Amino acid sequence: MAEEFDVIVIGAGPAGENVVARAVRGGLSAAIVEERLAGGECSYWACIPSKALLRPVDLAGEVSRVPGLSLGPIDVAAVLARRDEAVSRYDDSGQVGWVEGVPAEFVRGRGRLDGERRVVVTTPDGGERVLTARQAVVLATGSTAAVPPVPGMAEAKPWTSHEVTAATKVPERLVVIGGGVVACEMAQAMHGLGARQTTVLVRGGGLLARIEPFAGELVARSFAEAGIDVRLHTDVVRVERPEPGGKVTVHLSEGPPLEADELLVATGRKVATRGIGLDTVGLPDDAPVEVDDSMRATGVPGGWLYAVGDVNGRALLTHMGKYQARICGDVIAARAHGDDLPAMRDLADGFGAPQVVFTDPQVCAVGRTEAEAREAGFRVRAVEYDLGSVSGAYLLGDGYRGHAKAVVDEDRKVLLGVTFAGPGVGELLHAATIAVTGEVPLDRLWHAVPSFPTVSEIWLRLLETYGL
(Lines give C-alpha, C1' and ligand atoms only; values in the text may rest on other atoms or scores of the structure.)
Protein backbone atom coordinates (compact mmCIF):
# COMPACT_ATOMS: atom_id res chain seq x y z
CA MET A 1 0.00 0.00 0.00
CA ALA A 2 1.25 3.46 -0.92
CA GLU A 3 1.64 6.04 1.83
CA GLU A 4 -0.14 9.28 0.95
CA PHE A 5 0.78 12.86 1.83
CA ASP A 6 -0.22 16.25 0.48
CA VAL A 7 3.38 17.13 -0.36
CA ILE A 8 6.45 14.95 -0.88
CA VAL A 9 9.90 16.55 -1.01
CA ILE A 10 12.95 14.71 -2.34
CA GLY A 11 16.03 16.16 -0.69
CA ALA A 12 16.31 17.32 2.94
CA GLY A 13 18.83 20.11 2.51
CA PRO A 14 17.96 23.69 3.52
CA ALA A 15 15.70 24.18 0.48
CA GLY A 16 13.76 20.98 1.03
CA GLU A 17 13.38 21.67 4.74
CA ASN A 18 11.95 25.11 4.03
CA VAL A 19 9.40 23.74 1.57
CA VAL A 20 8.17 21.30 4.20
CA ALA A 21 7.97 23.97 6.89
CA ARG A 22 5.94 26.34 4.71
CA ALA A 23 3.65 23.61 3.37
CA VAL A 24 2.85 22.35 6.87
CA ARG A 25 2.34 25.92 8.05
CA GLY A 26 -0.18 26.18 5.22
CA GLY A 27 -2.18 23.26 6.62
CA LEU A 28 -0.78 20.42 4.48
CA SER A 29 0.77 17.09 5.43
CA ALA A 30 4.30 16.46 4.18
CA ALA A 31 7.04 13.87 3.88
CA ILE A 32 10.69 14.56 3.08
CA VAL A 33 13.10 11.98 1.66
CA GLU A 34 16.87 12.06 2.16
CA GLU A 35 19.49 9.54 1.13
CA ARG A 36 22.40 10.97 3.13
CA LEU A 37 22.20 13.47 6.00
CA ALA A 38 19.25 15.70 6.83
CA GLY A 39 20.53 19.24 6.52
CA GLY A 40 22.18 18.57 3.19
CA GLU A 41 25.35 19.78 1.53
CA CYS A 42 25.39 23.19 3.19
CA SER A 43 25.29 21.86 6.74
CA TYR A 44 28.03 19.24 6.41
CA TRP A 45 30.24 19.81 3.35
CA ALA A 46 29.87 23.41 2.20
CA CYS A 47 28.73 26.64 3.86
CA ILE A 48 29.03 25.70 7.53
CA PRO A 49 32.32 23.72 7.63
CA SER A 50 34.08 25.97 5.12
CA LYS A 51 33.34 29.07 7.21
CA ALA A 52 34.43 27.26 10.37
CA LEU A 53 37.78 26.61 8.68
CA LEU A 54 38.08 30.14 7.30
CA ARG A 55 37.19 32.07 10.45
CA PRO A 56 40.54 31.57 12.27
CA VAL A 57 42.46 32.55 9.12
CA ASP A 58 40.28 35.64 8.70
CA LEU A 59 40.73 36.60 12.36
CA ALA A 60 44.50 36.14 12.12
CA GLY A 61 44.49 38.60 9.21
CA GLU A 62 42.46 41.10 11.23
CA VAL A 63 44.83 40.87 14.21
CA SER A 64 47.89 41.31 12.02
CA ARG A 65 46.59 44.70 10.84
CA VAL A 66 46.12 46.19 14.32
CA PRO A 67 49.23 47.55 16.10
CA GLY A 68 49.60 46.34 19.67
CA LEU A 69 48.17 42.91 19.04
CA SER A 70 49.90 39.66 18.22
CA LEU A 71 48.73 36.16 17.53
CA GLY A 72 50.62 32.92 17.86
CA PRO A 73 50.34 30.03 15.40
CA ILE A 74 46.87 28.69 14.68
CA ASP A 75 46.04 25.54 16.61
CA VAL A 76 44.97 23.38 13.66
CA ALA A 77 43.69 20.53 15.81
CA ALA A 78 41.42 22.94 17.67
CA VAL A 79 40.15 24.40 14.39
CA LEU A 80 39.33 20.96 13.00
CA ALA A 81 37.64 20.02 16.27
CA ARG A 82 35.46 23.13 16.08
CA ARG A 83 34.63 22.29 12.48
CA ASP A 84 33.52 18.85 13.64
CA GLU A 85 31.34 20.48 16.26
CA ALA A 86 29.87 22.86 13.65
CA VAL A 87 28.77 19.91 11.50
CA SER A 88 27.41 18.00 14.53
CA ARG A 89 30.11 15.39 13.92
CA TYR A 90 28.15 14.32 10.84
CA ASP A 91 25.23 13.20 13.01
CA ASP A 92 21.91 14.44 11.63
CA SER A 93 19.69 13.37 14.51
CA GLY A 94 19.11 17.00 15.45
CA GLN A 95 18.00 17.87 11.93
CA VAL A 96 15.76 14.80 11.75
CA GLY A 97 14.22 15.82 15.06
CA TRP A 98 13.55 19.29 13.66
CA VAL A 99 11.73 17.81 10.63
CA GLU A 100 9.64 15.55 12.83
CA GLY A 101 8.79 18.52 15.05
CA VAL A 102 7.43 20.56 12.10
CA PRO A 103 5.69 18.01 12.04
CA ALA A 104 6.55 16.09 8.88
CA GLU A 105 7.49 12.51 8.02
CA PHE A 106 11.23 11.97 7.57
CA VAL A 107 12.00 9.10 5.19
CA ARG A 108 15.56 7.81 4.97
CA GLY A 109 16.56 6.50 1.55
CA ARG A 110 17.03 7.36 -2.10
CA GLY A 111 13.90 8.82 -3.61
CA ARG A 112 13.00 8.77 -7.30
CA LEU A 113 9.99 9.77 -9.32
CA ASP A 114 7.90 6.91 -10.67
CA GLY A 115 5.27 8.67 -12.71
CA GLU A 116 2.71 11.28 -11.75
CA ARG A 117 2.70 12.21 -8.03
CA ARG A 118 4.46 8.96 -7.14
CA VAL A 119 7.83 8.58 -5.37
CA VAL A 120 9.60 5.28 -4.75
CA VAL A 121 12.15 5.25 -1.92
CA THR A 122 14.90 2.67 -1.73
CA THR A 123 15.62 2.36 1.98
CA PRO A 124 19.05 1.65 3.53
CA ASP A 125 18.12 -2.00 4.11
CA GLY A 126 17.32 -2.47 0.40
CA GLY A 127 13.57 -2.32 0.83
CA GLU A 128 11.14 0.06 -0.84
CA ARG A 129 8.52 2.51 0.31
CA VAL A 130 6.02 3.96 -2.14
CA LEU A 131 4.76 7.48 -1.44
CA THR A 132 2.04 9.32 -3.34
CA ALA A 133 1.26 13.03 -3.25
CA ARG A 134 -2.23 14.49 -3.25
CA GLN A 135 -0.96 17.95 -4.20
CA ALA A 136 2.71 18.16 -5.17
CA VAL A 137 6.12 16.57 -5.38
CA VAL A 138 9.07 18.92 -4.90
CA LEU A 139 12.60 18.19 -6.11
CA ALA A 140 15.30 19.63 -3.86
CA THR A 141 18.21 17.32 -4.68
CA GLY A 142 20.81 20.09 -5.02
CA SER A 143 24.04 19.76 -6.96
CA THR A 144 27.34 17.89 -6.90
CA ALA A 145 30.91 18.88 -7.68
CA ALA A 146 31.83 18.70 -11.35
CA VAL A 147 35.12 16.95 -12.13
CA PRO A 148 36.46 17.82 -15.60
CA PRO A 149 37.26 14.94 -18.00
CA VAL A 150 41.04 15.37 -17.80
CA PRO A 151 42.98 12.13 -18.41
CA GLY A 152 43.79 10.52 -15.08
CA MET A 153 41.75 13.00 -13.04
CA ALA A 154 38.96 10.68 -11.90
CA GLU A 155 41.41 7.86 -11.19
CA ALA A 156 43.47 10.19 -8.97
CA LYS A 157 40.49 10.59 -6.62
CA PRO A 158 40.91 14.35 -6.17
CA TRP A 159 39.40 16.31 -3.37
CA THR A 160 36.20 18.23 -4.08
CA SER A 161 34.37 20.54 -1.70
CA HIS A 162 33.27 17.41 0.20
CA GLU A 163 36.75 16.18 1.02
CA VAL A 164 38.43 19.52 1.66
CA THR A 165 35.79 20.73 4.12
CA ALA A 166 35.93 17.37 5.92
CA ALA A 167 39.75 17.12 5.91
CA THR A 168 41.29 15.54 9.01
CA LYS A 169 44.74 16.93 8.27
CA VAL A 170 46.18 19.76 6.20
CA PRO A 171 48.34 18.70 3.22
CA GLU A 172 51.79 20.24 3.01
CA ARG A 173 51.49 20.70 -0.76
CA LEU A 174 48.13 21.47 -2.31
CA VAL A 175 47.19 22.13 -5.92
CA VAL A 176 43.82 23.77 -6.50
CA ILE A 177 42.17 23.73 -9.93
CA GLY A 178 39.68 26.56 -10.38
CA GLY A 179 39.35 30.25 -9.69
CA GLY A 180 35.85 30.55 -8.28
CA VAL A 181 34.47 30.79 -4.77
CA VAL A 182 35.30 27.27 -3.53
CA ALA A 183 38.79 27.42 -5.03
CA CYS A 184 39.59 30.77 -3.45
CA GLU A 185 38.09 30.08 -0.05
CA MET A 186 39.60 26.66 0.40
CA ALA A 187 43.01 27.60 -1.00
CA GLN A 188 43.22 30.35 1.59
CA ALA A 189 41.85 28.15 4.39
CA MET A 190 44.29 25.30 3.78
CA HIS A 191 47.22 27.66 3.29
CA GLY A 192 46.38 29.58 6.44
CA LEU A 193 46.09 26.34 8.39
CA GLY A 194 49.54 25.15 7.34
CA ALA A 195 49.80 24.08 3.71
CA ARG A 196 53.30 25.39 3.01
CA GLN A 197 52.97 25.19 -0.76
CA THR A 198 49.61 26.10 -2.29
CA THR A 199 49.18 26.55 -6.03
CA VAL A 200 45.97 27.74 -7.70
CA LEU A 201 45.54 26.94 -11.41
CA VAL A 202 43.05 29.08 -13.32
CA ARG A 203 42.09 28.58 -16.96
CA GLY A 204 40.88 32.16 -17.32
CA GLY A 205 42.49 35.52 -16.75
CA GLY A 206 41.55 36.14 -13.12
CA LEU A 207 40.01 34.96 -9.88
CA LEU A 208 36.27 35.27 -9.19
CA ALA A 209 35.52 35.97 -12.85
CA ARG A 210 31.77 36.42 -12.35
CA ILE A 211 32.23 39.39 -10.03
CA GLU A 212 33.62 42.86 -10.83
CA PRO A 213 37.30 42.47 -11.88
CA PHE A 214 38.73 44.53 -9.02
CA ALA A 215 37.46 41.97 -6.50
CA GLY A 216 39.48 39.11 -7.94
CA GLU A 217 42.50 41.37 -8.28
CA LEU A 218 42.40 42.28 -4.58
CA VAL A 219 42.10 38.61 -3.60
CA ALA A 220 44.97 37.69 -5.94
CA ARG A 221 47.14 40.37 -4.33
CA SER A 222 46.34 39.02 -0.89
CA PHE A 223 47.18 35.50 -2.07
CA ALA A 224 50.51 36.61 -3.46
CA GLU A 225 51.44 38.32 -0.19
CA ALA A 226 50.53 35.16 1.73
CA GLY A 227 52.66 33.00 -0.56
CA ILE A 228 49.84 31.36 -2.53
CA ASP A 229 50.97 30.84 -6.13
CA VAL A 230 48.19 31.82 -8.57
CA ARG A 231 48.75 30.83 -12.19
CA LEU A 232 46.36 32.28 -14.75
CA HIS A 233 45.68 31.04 -18.29
CA THR A 234 46.79 27.57 -17.21
CA ASP A 235 45.34 24.29 -18.47
CA VAL A 236 45.72 20.88 -16.84
CA VAL A 237 46.28 18.20 -19.47
CA ARG A 238 46.91 15.08 -17.39
CA VAL A 239 46.94 13.88 -13.79
CA GLU A 240 48.86 10.93 -12.33
CA ARG A 241 48.55 9.24 -8.96
CA PRO A 242 50.13 5.79 -9.09
CA GLU A 243 49.39 4.97 -5.46
CA PRO A 244 45.96 5.60 -3.92
CA GLY A 245 46.37 8.44 -1.42
CA GLY A 246 49.96 8.99 -2.53
CA LYS A 247 51.61 11.88 -4.28
CA VAL A 248 49.76 13.37 -7.24
CA THR A 249 51.42 14.85 -10.32
CA VAL A 250 49.60 17.52 -12.33
CA HIS A 251 50.80 18.01 -15.90
CA LEU A 252 50.22 21.44 -17.42
CA SER A 253 49.85 22.64 -20.99
CA GLU A 254 53.02 24.68 -20.49
CA GLY A 255 55.87 24.36 -18.04
CA PRO A 256 57.01 21.57 -15.73
CA PRO A 257 54.49 19.38 -13.89
CA LEU A 258 53.48 20.07 -10.31
CA GLU A 259 53.75 17.52 -7.55
CA ALA A 260 51.44 17.72 -4.55
CA ASP A 261 50.10 15.75 -1.62
CA GLU A 262 46.51 16.60 -2.51
CA LEU A 263 44.63 17.94 -5.51
CA LEU A 264 41.46 19.99 -5.00
CA VAL A 265 39.14 20.29 -8.00
CA ALA A 266 36.83 23.30 -7.73
CA THR A 267 35.70 23.91 -11.29
CA GLY A 268 31.96 24.22 -10.78
CA ARG A 269 28.93 22.13 -9.94
CA LYS A 270 26.31 20.11 -11.79
CA VAL A 271 22.69 19.60 -10.85
CA ALA A 272 21.92 16.35 -9.03
CA THR A 273 19.12 15.03 -11.25
CA ARG A 274 20.60 11.85 -12.69
CA GLY A 275 18.69 8.78 -11.58
CA ILE A 276 15.81 10.56 -9.84
CA GLY A 277 13.21 9.49 -12.40
CA LEU A 278 12.78 12.61 -14.48
CA ASP A 279 12.37 10.40 -17.55
CA THR A 280 9.20 8.92 -16.02
CA VAL A 281 7.50 12.33 -16.21
CA GLY A 282 8.82 13.38 -19.61
CA LEU A 283 11.77 15.53 -18.51
CA PRO A 284 15.40 15.10 -19.60
CA ASP A 285 17.70 13.28 -17.20
CA ASP A 286 20.81 15.02 -15.82
CA ALA A 287 19.68 18.56 -16.66
CA PRO A 288 18.30 21.47 -14.61
CA VAL A 289 14.55 21.31 -14.06
CA GLU A 290 13.10 24.43 -15.65
CA VAL A 291 10.54 26.20 -13.46
CA ASP A 292 8.26 29.21 -13.56
CA ASP A 293 8.26 31.97 -10.95
CA SER A 294 6.23 29.83 -8.54
CA MET A 295 8.89 27.09 -8.79
CA ARG A 296 6.50 24.80 -10.67
CA ALA A 297 8.21 22.67 -13.31
CA THR A 298 7.30 23.65 -16.83
CA GLY A 299 6.38 20.98 -19.35
CA VAL A 300 4.84 18.57 -16.83
CA PRO A 301 1.07 18.04 -17.33
CA GLY A 302 -1.06 18.69 -14.28
CA GLY A 303 1.31 21.17 -12.65
CA TRP A 304 2.09 18.91 -9.69
CA LEU A 305 5.92 18.91 -9.91
CA TYR A 306 8.10 21.67 -8.42
CA ALA A 307 11.87 22.18 -8.11
CA VAL A 308 13.77 24.46 -5.72
CA GLY A 309 17.42 25.27 -5.07
CA ASP A 310 20.38 24.19 -7.17
CA VAL A 311 18.37 21.58 -9.04
CA ASN A 312 16.53 24.22 -11.06
CA GLY A 313 19.78 25.92 -12.07
CA ARG A 314 18.62 29.46 -11.28
CA ALA A 315 21.01 30.45 -8.50
CA LEU A 316 23.30 27.85 -6.90
CA LEU A 317 23.38 29.45 -3.47
CA THR A 318 21.89 28.12 -0.24
CA HIS A 319 20.10 31.33 0.70
CA MET A 320 18.51 31.57 -2.74
CA GLY A 321 17.35 27.97 -2.52
CA LYS A 322 15.72 28.72 0.83
CA TYR A 323 14.08 31.81 -0.66
CA GLN A 324 12.68 29.77 -3.55
CA ALA A 325 11.51 27.13 -1.09
CA ARG A 326 9.51 29.61 0.95
CA ILE A 327 7.79 30.75 -2.23
CA CYS A 328 7.18 27.16 -3.32
CA GLY A 329 5.68 25.97 -0.04
CA ASP A 330 3.36 28.98 0.16
CA VAL A 331 2.23 28.58 -3.45
CA ILE A 332 1.51 24.86 -3.06
CA ALA A 333 -0.58 25.53 0.05
CA ALA A 334 -2.49 28.34 -1.68
CA ARG A 335 -3.23 26.20 -4.72
CA ALA A 336 -4.30 23.28 -2.53
CA HIS A 337 -6.85 25.46 -0.75
CA GLY A 338 -7.99 27.27 -3.88
CA ASP A 339 -6.70 30.59 -2.54
CA ASP A 340 -5.16 33.43 -4.50
CA LEU A 341 -1.42 33.00 -4.93
CA PRO A 342 0.62 34.86 -2.32
CA ALA A 343 2.12 38.17 -3.36
CA MET A 344 5.62 36.89 -2.65
CA ARG A 345 6.54 35.25 -5.93
CA ASP A 346 10.05 34.83 -7.30
CA LEU A 347 11.45 38.34 -7.55
CA ALA A 348 14.97 38.18 -6.13
CA ASP A 349 16.31 35.79 -8.79
CA GLY A 350 15.80 38.45 -11.44
CA PHE A 351 17.81 41.10 -9.62
CA GLY A 352 20.96 39.07 -9.15
CA ALA A 353 21.62 36.92 -6.09
CA PRO A 354 23.56 38.35 -3.13
CA GLN A 355 26.76 36.47 -2.42
CA VAL A 356 29.69 36.69 0.00
CA VAL A 357 33.11 35.18 -0.64
CA PHE A 358 34.70 34.63 2.77
CA THR A 359 38.31 35.16 1.79
CA ASP A 360 40.58 37.81 3.29
CA PRO A 361 39.72 40.31 1.86
CA GLN A 362 36.06 39.40 1.75
CA VAL A 363 34.14 39.97 -1.47
CA CYS A 364 30.41 40.55 -1.65
CA ALA A 365 28.07 41.53 -4.43
CA VAL A 366 24.40 41.78 -5.31
CA GLY A 367 22.68 42.51 -8.58
CA ARG A 368 24.38 42.98 -11.92
CA THR A 369 27.99 43.83 -12.66
CA GLU A 370 28.57 46.81 -14.93
CA ALA A 371 29.26 44.51 -17.88
CA GLU A 372 26.08 42.48 -17.23
CA ALA A 373 23.98 45.62 -16.94
CA ARG A 374 25.28 47.01 -20.23
CA GLU A 375 24.79 43.67 -21.94
CA ALA A 376 21.18 43.65 -20.72
CA GLY A 377 20.61 46.99 -22.43
CA PHE A 378 20.49 49.33 -19.44
CA ARG A 379 21.84 52.87 -19.73
CA VAL A 380 24.25 52.77 -16.82
CA ARG A 381 26.80 54.78 -14.94
CA ALA A 382 29.25 53.16 -12.56
CA VAL A 383 30.80 54.91 -9.56
CA GLU A 384 33.70 53.59 -7.51
CA TYR A 385 35.44 54.51 -4.27
CA ASP A 386 38.49 53.38 -2.32
CA LEU A 387 37.24 51.71 0.85
CA GLY A 388 40.56 52.31 2.57
CA SER A 389 39.86 56.06 2.41
CA VAL A 390 36.80 55.73 4.67
CA SER A 391 37.58 56.63 8.29
CA GLY A 392 35.87 53.54 9.67
CA ALA A 393 38.04 51.30 7.51
CA TYR A 394 41.25 52.97 8.67
CA LEU A 395 40.29 52.31 12.28
CA LEU A 396 39.93 48.59 11.56
CA GLY A 397 43.64 48.26 10.94
CA ASP A 398 46.75 49.59 9.24
CA GLY A 399 47.03 48.98 5.54
CA TYR A 400 43.32 48.32 5.09
CA ARG A 401 42.71 47.73 1.40
CA GLY A 402 39.32 47.64 -0.23
CA HIS A 403 37.17 48.95 -3.01
CA ALA A 404 33.50 49.55 -3.74
CA LYS A 405 31.48 49.94 -6.92
CA ALA A 406 27.86 50.81 -7.59
CA VAL A 407 26.11 50.39 -10.94
CA VAL A 408 23.30 52.90 -11.51
CA ASP A 409 20.36 52.69 -13.90
CA GLU A 410 20.52 56.22 -15.30
CA ASP A 411 16.92 56.17 -16.54
CA ARG A 412 15.31 55.23 -13.22
CA LYS A 413 18.06 56.45 -10.86
CA VAL A 414 18.18 53.19 -8.93
CA LEU A 415 20.96 50.73 -8.22
CA LEU A 416 21.39 47.74 -10.51
CA GLY A 417 24.33 46.24 -8.63
CA VAL A 418 26.79 46.84 -5.81
CA THR A 419 30.14 45.17 -5.14
CA PHE A 420 32.40 45.50 -2.10
CA ALA A 421 35.84 43.98 -1.55
CA GLY A 422 37.78 44.41 1.67
CA PRO A 423 38.24 42.92 5.15
CA GLY A 424 34.91 42.39 6.89
CA VAL A 425 32.71 43.84 4.14
CA GLY A 426 30.30 40.90 4.14
CA GLU A 427 28.17 42.64 6.75
CA LEU A 428 27.65 45.55 4.34
CA LEU A 429 25.88 43.38 1.81
CA HIS A 430 22.35 43.26 3.15
CA ALA A 431 22.00 47.03 2.95
CA ALA A 432 23.00 46.77 -0.71
CA THR A 433 20.56 43.89 -1.23
CA ILE A 434 17.70 45.98 0.16
CA ALA A 435 18.68 48.95 -2.03
CA VAL A 436 18.87 46.82 -5.19
CA THR A 437 15.82 44.58 -4.74
CA GLY A 438 13.76 47.41 -3.25
CA GLU A 439 14.78 49.68 -6.13
CA VAL A 440 15.31 52.51 -3.68
CA PRO A 441 15.67 55.81 -5.57
CA LEU A 442 19.10 57.36 -5.13
CA ASP A 443 17.69 60.67 -3.92
CA ARG A 444 15.88 58.75 -1.16
CA LEU A 445 18.86 56.51 -0.38
CA TRP A 446 20.91 59.67 0.21
CA HIS A 447 18.82 60.30 3.36
CA ALA A 448 19.83 56.94 4.88
CA VAL A 449 22.60 58.43 7.02
CA PRO A 450 25.48 56.05 7.86
CA SER A 451 26.93 56.13 11.35
CA PHE A 452 30.40 57.61 11.87
CA PRO A 453 33.01 56.20 12.05
CA THR A 454 31.90 52.96 10.39
CA VAL A 455 32.79 51.33 7.09
CA SER A 456 29.14 51.81 6.07
CA GLU A 457 30.03 55.44 5.38
CA ILE A 458 31.09 54.07 2.00
CA TRP A 459 27.44 54.57 1.01
CA LEU A 460 27.77 58.32 1.50
CA ARG A 461 31.02 58.42 -0.45
CA LEU A 462 29.56 56.47 -3.38
CA LEU A 463 26.54 58.77 -3.55
CA GLU A 464 28.74 61.85 -3.33
CA THR A 465 30.92 60.49 -6.10
CA TYR A 466 27.76 60.05 -8.17
CA GLY A 467 26.93 63.70 -7.57
CA LEU A 468 24.29 63.74 -4.85
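Predicted model: local features only at pLDDT ≥ 70, side-chain atom pairs only at ≥ 80, totals over all residues.
1. As general background, nonpolar side chains tend to be buried together in soluble globular proteins.

2. Not counting residues up to four places away in sequence, Leu139 touches Ile10, Leu113, Ile276, Leu278, Val289, Leu305, Tyr306, Ala307, Val308 and Val311.

3. The structure holds one cavity of 30 Å³ or more, and the space in the largest cavity is about 60 Å³. Its lining consists of Val383, Ala406, Val408, Leu415, Leu442, Leu445, Trp459, Leu462, Leu463 and Tyr466. Strand S20 (403-409), helix H14 (442-445) and helix H15 (458-466) each supply at least two of the lining residues, and H15 gives the most, with four. By class, the lining has ten nonpolar residues, with no polar and no charged ones.

4. The second largest pocket holds about 460 Å³ of space. It is lined by 20 residues, of which Gly61, Arg65, Gln188, Ser222 and Asp360 are the closest to its centre. Helix H3 (47-64), helix H7 (181-192) and helix H8 (213-226) each provide at least two residues of this lining, which by class comprises nine nonpolar, seven polar and four charged residues.

5. Two cis peptide bonds deserve a look in the model. One joins Asp360 and Pro361, with omega about 10°, and Pro361 lies in the loop between strand S17 (355-357) and strand S18 (362-367); Asp360 is also one of the residues closest to the centre of the second largest pocket. Another cis peptide bond joins Val102 and Pro103, with omega about 5°, and Pro103 is found in the loop between helix H5 (93-101) and strand S3 (105-108).

6. Glu41 is part of helix H2, residues 40-45, and it counts as buried because its relative accessibility is 17%, below the 20% cut-off. The side chain of Glu41 makes a polar contact of 3.1 Å with the side chain of His162. Beyond neighbours within four places in sequence, Glu41 is in contact with Arg36, Ala46, Ser161, His162 and Arg269.

7. Glu410 sits in the loop between S20 and strand S21 (414-422) and, at 15% relative accessibility, also counts as buried. Leaving aside neighbours within four places in sequence, Glu410 is in contact with Arg379, Val380, Arg381 and Tyr466, and Tyr466 is one of the residues lining the largest cavity. The C-alpha atoms of Glu410 and Phe378 are separated by 8.0 Å, although these residues are 32 residues apart along the chain.

8. Two residues other than glycine have a positive phi and could be inspected individually: Tyr90, with phi near 60°, and Met295, with phi near 75°. Tyr90 is in the loop between helix H4 (76-86) and H5 and counts as partly exposed at 28% relative accessibility. Met295, in the loop between strand S15 (269-271) and strand S16 (305-307), counts as buried at 0% relative accessibility.

Notes
Residues numbered from 1 in each chain as written. Heavy atoms only, no water. Buried < 20%, exposed > 50% of the residue type's maximum accessible area, 1.4 Å probe, protein only. Polar contact = N/O pair within 3.5 Å; in protein donor to acceptor, adjacent residues only side chain to side chain. Contact = heavy atoms within 4.5 Å. 1 Å grid on protein atoms, 1.4 Å probe; cavity = no way out; pocket = protein on both sides within 12 Å on 5 of 7 lines; lining within 4 Å. Points joined across faces, edges and corners; volume = space filled by probe spheres on them. Nonpolar A, V, L, I, M, F, W, Y, C, P; charged D, E, K, R; others polar.
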